[in-house]
Amino acid sequence: MFVNFLKLGSLLISIVLSNACREGSTNAIGLSPTPSPVPVANSRGDRPMNELIQKVIAKDPTATLDARRIGSSAAEPLSRLTTNEDPLVRELALRCLIESGGDGLSRIFAKFLTDEYGSVRGAALAGTSKYIDPSVLPQLINALDSSGDLPEMREQIALLIGRIDSADTRELLARLENENDQLARDGIVAALAKLGDQRGRADFVDGLRNAKGDRLKRYLDYVDYINQEWAAKALGPVLYDKTPLMRIGIDGIPNLGPGNLRACDIALNLIAKILKPTFKFPVDMKTNYTDEQLQEARRVLGVK
Amino acid sequence: MPFPHNVYKTQRIVPIRFERAVIGTPVLDMPDIDDRGWFRPDPAGNNAATNDHGFVVGVSEGQHVYISVEREKIEGTATLFVKSSDETVMTVKQNLGADQLNPGATTLVRIEGVSGGAGAIPKIARVQVHFGTNTGPIIAELSVWVYRNVNVNLVPHNVTIQTAAGGDGVASAANITTVMDTVKAIWKAAAVGINVAAIQNHTVIFATAGVANWQAEINTLLSTSWVPGSINAYFINQILMPGVPGVLGLGISRPNSVAFGTPNPGIILGDTNGGASRAADSHYLANDIAHEMGHFFTLPHVDLIDQTPAHQGREEIWALRMLMHPTNTHFFSDFRNDTGYGVAGDGTGYRGSLITLKDLVDSGNAAHHSTDAEVKTSRTAITSAAGPY
């Protein structure tokens with residue numbers, strides 16, 4: 001435990017960063033046991049920064065709005081708060097970093113992909129996704145291998161790896177061989193497919209054609225993630241599938257539009273987004289398309 | 001005192017049942033029990049390893065819950081002991097700390113989560129009730145799924161709506177603090193903690209004091225001090241939507257926001273729809289917010305069936321007691337439709353708050369279970385890159 005003094009205007013207060021950086025922190029990634037204290041702000045101009053720091057320590061979710069307003073100059077003190085023992089403080093510091101921006105953030109976020117608390121991992125995923133760059137690849141591979149009992153994390157981390165063009169597909173193929181969980185396997189297959197691996201693409205198309213329900217929704221999300229022509233052109237069979245998959249209805253105003261987008265509606269939207277054809281009808285995210293409109297989409301793909 | 005029980009041919013006798021420890025408004029450490037069906041696949045896919053069946057309750061690591069033990073077909077004085085099948089996962093004691101249950105028809109047991117699953121897959125142990133001694137035959141089991149807590153941030157806004165003339169502002173009269181406490185109680189059953197910010201007070205200028213019109217003014221609301229990385233809940237006096245009378249709340253999750261072009265996602269709750277007022281009904285408002293949060297966590301309505309003019313979604317107790325039923329409150333006054341959550345001031349029954357743990361996809365009625373396993377779905381969504389915000 002250490003005490004850090006922050007000066008707010010003329011008011012000197014002490015903030016106890018309880019166990020903020022104690023050795024043997026609950027963070028599973030082995031953070032530095034003795035990080036520097038949160039910077040002391042002395043001038044009146046530092047007041048917004050101090051208030052931001054206080055809010056994060058107090059676990060006030062509105063801190064993210066302050067971080068967005070302050071911008072990248074908040075990154076350094078926020079990054080120090082990511083080592084706090086309290087998972088809520090860690091999560092909030094990461095969410096503030098997402099809003100503030102700053103240099104080298106992807107590696108900071110990636111450190112927390114193996115945090116023992118799910119909401120910290122979620123914030124780390126969101127941050128890594130927003131600020132991803134190739135330098136983070138070794139951390140992602142390590143996090144993938146360290147998420148043994150978290151198949152949903154393995155899926156998400158694989159998807160991040162697939163966004164790095166320089167990623168070695170052999171690394172992912174090796175993990176695929178040993179992966180037994182369907183969710184994690186699907187994520188690895190999607191990543192391989194995005195990276196151009198031919199086996200990955202074949203497996204992906206097979207998965208897309210056989211998936212049902214929530215898994216089909218996930219595969220449609222993967223098509224959006226892959227965002228390549230071959231994936232859009234594999235959507236032909238889904239244009240026949242009228243299973244409701246995504247709720248867009250707003251409770252309280254049930255007549256505003258369809259309650260759900262069906263598999264075929266999502267597929268048509270993806271075809272429009274990726275292939276950019278000219279349809280005779282408007283495409284949006286709130287329409288159940290007619291059979292004629294779905295047929296027009298099939299013609300775009302060159303299928304019956 | 002023994003009691004006679006005549007059996008014709010064969011009958012399955014249930015000596016003991018487990019129940020939610022309270023009736024009415026949800027309480028933080030008294031979660032509902034997923035007692036739907038008798039068999040469920042193990043969430044890790046390893047059925048042989050656990051082979052448990054029957055009722056399931058969700059518990060957070062490091063925290064406790066109370067569950068009611070009901071002596072259904074066994075004497076109130078029968079000697080019963082309660083034990084955990086795996087104390088590295090959870091411990092269980094009679095309410096006052098002993099292993100032996102109190103005599104009487106009903107008693108509470110206290111279950112403490114010791115070590116939970118960090119993600120969507122729980123660690124599992126069973127509460128076992130032994131007859132006679134603490135190693136006697138097991139006559140009842142309750143499966144306990146322990147999870148490590150995941151956090152969701154929520155920012156409540158109390159918005160005063162006034163006209164340009166000023167001096168006529170009307171704010172929400174809801175007791176937002178009480179509402180949020182109940183929201184926390186509902187989601188605690190999924191080991192989802194809600195980190196609630198202090199109430200943010202704002203004033204906006206709209207055409208009519210106290211009223212927000214769909215859609216332009218709603219859009220303005222959703223841009224008012226909207227906090228990223230949180231679910232934003234706006235409490236106002238009234239929502240007005242031309243042609244749609246009676247709107248009390250709107251839940252606009254991220255997909256809704258994209259589809260209908262709102263500037264941000266958010267939940268908007270009105271105290272009144274011009275007729276009925278729910279401002280004083282914190283249970284109702286909390287259930288609505290908790291339900292909308294379910295949509296933010298990608299949960300659809302029960303069995304994918306929405307409310308229509310002809311039907312209030314699925315109309316049986318199985319569905320009415322679930323948080324993700326489309327209707328709060330329901331009009332079925334028959335005792336068989338009592339969800340156990342009480343009746344609102346207008347005589348209608350509150351929607352239940354059960355967030356399903358089991359995934360009964362292997363049942364004979366599997367077609368109607370595509371929306372099961374809501375705890376798993378929610379926790380997966382909350383901890384994903386897209387997140388719930």
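Start with the largest nonpolar core, which has 95 residues; select B:I67, B:V144 and B:I289, the members that touch the most others. A nonpolar core here is a set of buried Ala, Val, Leu, Ile, Met, Phe, Trp, Tyr and Cys residues joined through C-beta atoms within 7 Å. Buried means that 20 or more other C-beta atoms lie within 10 Å of a residue's own, exposed means 12 or fewer, and partly exposed is in between, with C-beta atoms placed from the backbone. This core draws at least three residues from each of domain 1 (16–147) and domain 2 (151–296) of chain B.

Before going further: this is a predicted model, where local features need pLDDT of at least 70 and side-chain atom pairs count only at pLDDT 80 or more, while totals for chains, interfaces and linings use all residues. Residues are numbered from 1 along each chain as its sequence is written, and chains are lettered from A and ligands numbered from 1 in the order in which they are written.

Now zoom in on B:V144. Setting aside neighbours within four places in sequence, B:V144 is in contact with B:V57, B:V59, B:M90, B:I111, B:I124, B:A125, B:R126 and B:V127; contact means C-beta atoms, placed from the backbone, within 7 Å. For a second, separate core, of 84 residues, pick A:L52, A:A74, A:A123 and A:I226, which are among its members.

Back to chain B: colour domain 1 (16–147) and domain 2 (151–296), whose bounds come from an automatic or database domain assignment. Their C-alpha centres lie 37 Å apart. Where they meet, 10 residues of domain 1 of chain B are in contact with nine residues of domain 2 of chain B. The domain 1 side of that contact has five nonpolar, four polar and one charged residue. In this scheme Ala, Val, Leu, Ile, Met, Phe, Trp, Tyr, Cys and Pro are nonpolar, Asp, Glu, Lys and Arg are charged, and the others, Gly among them, are polar.

Switch to cartoon and look for seven helices and 15 strands; helices (H or I, at least four residues) and strands (E, at least two) are DSSP runs, numbered from the N terminus.

Next, select B:T377, in helix 7 (residues 374–382) of chain B. Is B:T377 buried or exposed? It counts as buried, because it has 22 C-beta neighbours inside 10 Å. Beyond four places in sequence, B:T377 is in contact with B:F297, B:T298 and B:L299.

Show both chains now. Their contact takes 42 residues from chain A and 43 residues from chain B. On the chain A side, helix 6 (118–131) is one of the elements supplying at least two residues, and helix 6 of chain A gives the largest share, seven residues. By class, that side has 16 nonpolar, 13 polar and 13 charged residues.

Last stop: helix 14 (residues 263–275) of chain A. Its buried residues include A:C264, A:D265 and A:I271, and the buried residues pack against helix 12 (213–226), helix 13 (229–233), strand 3, strand 4 (260–262) and helix 15 (291–301) of chain A. Step past the end of helix 14 to A:K276, whose phi is positive, near 50°.

How values were computed:
Contact = placed C-beta atoms within 7 Å.
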